Amino acid sequence: MTDAPVIAAVDGSEHSLKALEWARAAALRHGTGLVIAHVLPDHAQLYAGRRAALHDASEPEEFPDPVNERIRALLGGRSELPEGVQYESLEGSVPEALRVIGAEARMLVMGSRGRGGFASLLLGSNSRAVATTAPCPVVVVPHAERSADAETGASAGRVVLGLHAAETPDDVLAFAFAEAAVRGTTVQVVSAYAVPPAPTMVIDSPFAVIPPEGLADEGEGVPAEREMLRAQTERLAPFRTLYPDVPVEQAAVPGDAAGRLVDASRSAALVVVGRHHPRRTAMSLQIGSVANAVLQHAHGPVAVVPTLSDDA
């Protein structure tokens with residue numbers, strides 16, 4: 001769906017306005033339309049239904065247009081929606097309404113929390129539900145408290161891909177490479193292996209980054225690490241061919257994949273993970289443990305990508 005729009009889910013909260021700003025930039029990068037989607041709260045749905053039943057157009061409007069002045073300011077301060085931007089007012093539960101509209105989206109962008117819930121929550125229930133069920137990639141943009149610790153430096157701005165070389169669907173890799181291509185940045189591929197490094201091995205960085213040309217048989221590195229890097233190289237080969245201008249860094253890390261991805265999120269423009277646990281089916285309604293942990297704790301935007309292709 002090369003012409004599919006980017007959808008931003010808004011509810012007027014600070015978190016959703018930040019997500020709208022991110023979505024607008026994404027739509028500009030991809031050269032596609034932007035849809036601003038607002039799910040009416042239950043009381044507004046009841047009110048709208050009552051007005052429609054009474055056919056009373058003279059009754060004062062109690063629920064102003066959710067595309068308020070602050071949202072308009074993010075779109076250039078115009079009094080009307082700019083060309084290429086649409087507004088959709090939806091009814092129903094938030095996860096179900098966004099699941100339906102997301103069927104035709106390039107991606108759906110939302111904040112990590114909405115208006116409701118406890119301020120201490122890292123991830124709201126609606127954000128988690130949408131990331132679990134939407135038929136398109138869902139980008140969750142963290143609130144200000146979580147992103148305040150984001151780092152800058154040489155690795156800032158990269159797209160980080162969490163990869164299980166044998167089981168991550170191609171759709172996840174394709175999304176990561178496409179995002180890196182439109183940003184003109186690097187894909188850093190992170191895979192974890194279970195075997196710990198040797199006791200005498202000193203790790204100066206949380207990532208053991210080795211370029212493909214450094215994978216000679218006589219090179220250093222524990223066997224599990226080297227095998228992981230080889231599996232990465234084989235899996236990434238078709239995407240390197242499709243995106244020859246996208247630089248790739250490979251990282252094999254011992255231990256917890258989610259923790260490493262959360263660390264990487266401090267300096268990443270985007271972290272990309274698959275939705276499901278490798279051993280669950282593509283139609284599972286449960287989100288994988290790695291994706292869930294990264295959503296809960298990442299310091300930057302996270303894209304959760306489902307299996308999109310019919311033959312995956």
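Visitor: At roughly what angle do the axes of helix 7 and helix 8 cross?
Guide: This is a predicted model, and in it helix 7 covers residues 170-183 while helix 8 covers residues 223-242. Their axes come within 11 Å, and they cross at roughly 45°.

Visitor: So what word describes how helix 7 lies relative to helix 8?
Guide: Angles under 35 degrees would count as roughly parallel, and 65 to 115 as roughly perpendicular. The crossing here is roughly 45°, which makes helix 7, relative to helix 8, oblique.

Visitor: Which residues of helix 8 make the contact with helix 7?
Guide: The two helices pass each other in a right-handed crossing. On the helix 7 side, the contact is made by Asp170, Leu173, Ala174 and Phe177. On the helix 8 side, the residues are Arg235, Leu236, Phe239 and Arg240.

Visitor: Now for the strands: which residue of strand 11 is the bridge partner of valine 273?
Guide: Strand 10 and strand 11 (residues 302-305) run parallel, joined by four bridges. In strand 11, valine 273 is partnered by valine 304.

Visitor: Is strand 10 largely enclosed or open?
Guide: Buried means under 20% relative accessible area. Six of the seven residues in strand 10 (residues 268-274) are buried, so the rest of the structure leaves this strand largely enclosed.

Definitions and conventions. Residues numbered from 1 in each chain as written. Predicted model: local features only at pLDDT ≥ 70, side-chain atom pairs only at ≥ 80, totals over all residues. Heavy atoms only, no water. Buried < 20%, exposed > 50% of the residue type's maximum accessible area, 1.4 Å probe, protein only. Pairing = 2+ DSSP bridges. Axes fitted to C-alpha atoms, helices over the stretch in contact; angles between N-to-C directions. Parallel < 35°, antiparallel > 145°, perpendicular 65-115°, else oblique. Left-handed = near helix turned anticlockwise from the far one by under 90°. Contact = heavy atoms within 4.5 Å.
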